[in-house]
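Reader: Can you walk me through this one? Start with the ligand sites, please.

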Amino acid sequence: MSNIVAIVGRPNVGKSTLYNRLTESRKAIVDDFSGVTRDRHYGVAEWVGRNFTVIDTGGYVANSDDVFEAAIREQVIIAIEEATVILFVVDVTTGITDLDDEIATLLRRSKKPVFVVVNKVDHGLLQSDASIFYSFGLGEIYNISSMTGSGTGELLDEVVKTFDEDVVEENTLPKYAIVGRPNVGKSSIINSLIGKDRNIVTPVAGTTRDSIHIHYNQYGHEFMLIDTAGLRKKTKVKENIEFYSVMRTIKALEEADVVILMLDAVEGIESQDVNIFHLAEKNKKGVVIVVNKWDLIEKNTKTVKVFEETIRQKLAPFTDVPIVFTSVTEKQRVLKVLETANHVYSNRAKKIPTSKLNDVMLPIIENNPPPALKGKFVKIKYITQIKGTSPMFAFFCNLPQYIKEGYMRFLENKLRENFDFTGVPIQIFFRQK
Ligand code: GDP
Ligand code: GDP
C-alpha cells in the first residue's frame with residue numbers, strides 16, 4: 001500500500017522547507033553520526049497515525065541552465081504518474097508566474113489529487129493575497145507557512161483522507177523487492193533466477209499499474225518478486241533519471257515485505273544505499289543486504305568480516321541484518337539470497353507465545369532492572385507481542401514514562417538474542433499496568 005506525496009513547484013517557493021517540516025529529516029541531521037551524508041530529498045512522514053513517503057522534486061534539478069524548465073515540466077509529469085498525491089507549492093509573495101501557470105496546466109490533466117499549497121503566508125494579512133491562486137482552477141487552496149508550520153496541519157488532514165485504507169492482505173504470497181543503485185546487478189540476478197522464462201512475466205491484477213511483479217515458483221520457493229530494474233523509462237532530461245528511479249524504488253519498497261538491497265562490492269555502501277535502508281527500516285520492512293560482484297574482490301580470510309563491519313557501521317543502530325556475498329555472473333550464492341529472504345520473511349511474521357516471552361524475558365529483566373529515576377523504581381510485570389504485520393512488543397509496567405532509550409535498546413537486543421528477528425525492525429512499547 002503505497003502513499004507517496006510529491007512536492008512540486010518552481011524554485012524558491014519553499015518546497016524543501018516544507019519537505020523538512022513534514023519529514024524527520026531535521027531530526028536526522030542531529031541523529032546522523034554514521035558519517036554518511038544522506039541526501040534528503042525523500043523521507044518518511046507521519047500524520048494522525050498514517051505513514052507516508054514525501055519526495056521533494058526540487059532536489060533533483062540542477063539550479064541554473066536551459067534544460068531547467070523542461071526538467072521541471074517533466075518532473076511534474078512523472079510525479080503525476082507515480083505519486084499518490086501532489087502538493088503544488090506556490091509563493092504568496094510573488095503571485096503567479098509563467099512557470100506556475102505552466103505547471104498548473106499540466107496538473108489540471110492529472111487524475112491524482114492535487115493540493116494547491118500557498119506558502120509563505122506567515123501572517124493573516126497575506127490571506128487575501130492568496131486568493132489569486134484560485135484562478136488555477138485546481139480547487140481549494142491551502143495557505144501555509146512552511147517556516148512557522150502554520151496551516152500544515154489542516155493541509156495534512158485533507159491529504160491523508162485521499163490515502164488508501166491500510167488493509168492487511170491475507171493468504172498472499174511473500175513480496176520481495178530487489179532494489180539498489182544502477183549497475184549493481186539487479187537485472188542480472190533476476191535473469192539468473194527466472195532464466196528464459198522472463199517473457200512469461202505479467203503484471204498482476206490489483207498491483208500498482210505497470211510495476212512488474214514476477215511470480216516465482218521453483219526449487220521449493222514461491223513468492224512475488226517486484227522488479228525495479230526492468231523499469232527504466234526514457235526521460236528526456238538527464239537529471240530526471242535519478243528522480244524516476246527513486247520514485248520507482250520507493251513504490252516497490254512500500255509494496256514489499258522484504259527488501260533485497262543490492263550493493264556493488266567494488267563501490268561499497270554509499271549514502272543512497274543507507275537512505276533506502278532507513279526507508280525500509282522506518283516502513284518496518286524486512287531487509288537482506290546483498291553484496292554482489294564478489295568475484296571482483298581480492299580476498300583473504302578477513303575480507304568478509306571487514307566488509308560486514310563496514311556495512312553494519314553505516315547501518316547503525318539497526319545492525320541485525322543478514323548480509324549475503326554473491327557473484328551473479330559466477331552463480332555464487334544466488335539461491336542463498338532467496339533462502340535468506342524467506343528466513344527474514346518468516347522472522348517478520350513470527351509470533352512468540354506470551355508464556356514463552358515472559359519465561360525468557362522476565363528473569364533477564366529481574367537481573368537487569370530499568371535504572372531508578374528520581375528515586376522511583378520501574379517494575380515490568382509482563383510482556384506480550386502485539387498483533388501486526390511486523391514484530392511489536394508491549395511491556396506492561398507501573399511507570400512507562402520512566403523508561404529511557406538505553407533500556408529500550410537493551411530489551412530489543414535481548415529479544416534479538418533469544419528469538420531470531422534477524423532482518424526485521426522491532427517496535428517496543430511501554431504500557432501502564
Ligand atoms: P525551494 O527552492 O522551493 O525548495 O525553496 P526553499 O525551501 O529553498 O525556500 C526558498 C526560500 O524561501 C528560502 O529562503 C526559505 O527560507 C524561504 N521560505 C520557505 N518557506 C517560507 C515561509 O513559509 N515563509 C517565508 N517568509 N519564507 C519561506
Ligand atoms: P542493474 O542496473 O542493477 O540491473 O545491473 P545489471 O544487472 O544490468 O548489471 C550491470 C553490469 O554488472 C552488467 O555488465 C553485469 O554483467 C555486471 N554484473 C552483474 N553481476 C555481476 C557479478 O556478480 N560480477 C561481475 N563481475 N559483474 C557483474
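Author: Helix α7 (residues 186–194) gives the most to the shell around ligand 2, three residues. Helices (H or I, at least four residues) and strands (E, at least two) are DSSP runs, numbered from the N terminus. This is a predicted model: local features need pLDDT of at least 70, side-chain atom pairs count only at pLDDT 80 or more, and totals for chains, interfaces and linings use all residues. Residues are numbered from 1 along each chain as its sequence is written, and chains are lettered from A and ligands numbered from 1 in the order in which they are written.

Reader: Which residues come nearest to ligand 2?

Author: G185, K186, S187, S188 and K293, out of 16 around ligand 2. A residue is near a molecule or strand if its C-beta atom, placed from the backbone, lies within 6 Å of it.

Reader: Switching to T148. Buried or exposed?

Author: Exposed, because T148 has 12 C-beta neighbours inside 10 Å. The cut-offs: buried is 20 or more other C-beta atoms within 10 Å of a residue's own, exposed is 12 or fewer, partly exposed is in between, with C-beta atoms placed from the backbone. T148 sits in the loop between β6 (141–143) and α6 (152–161).

Reader: Now helix α13. Which residues are buried there?

Author: Y407, L411 and L415. They line one face of α13, because they fall within an arc of 85° seen down its axis. That arc is of the directions from the helix axis to the C-beta atoms.

Reader: What do they pack against?

Author: The buried residues of α13 pack against β14 (392–397) and β15 (427–432). On the other side, E405, G406, R409, N413 and E417 are exposed.

Reader: What about confidence?

Author: The protein chain averages a pLDDT of 86, and 86% of the residues score at least 70. pLDDT is the predictor's confidence in each residue, from 0 to 100. Over residues 199–210 the pLDDT is below 50. Where pLDDT is low, the predicted coordinates should not be read in detail. The model scores ipTM 0.74 and pTM 0.75.

Note on methods:
Contact = placed C-beta atoms within 7 Å.
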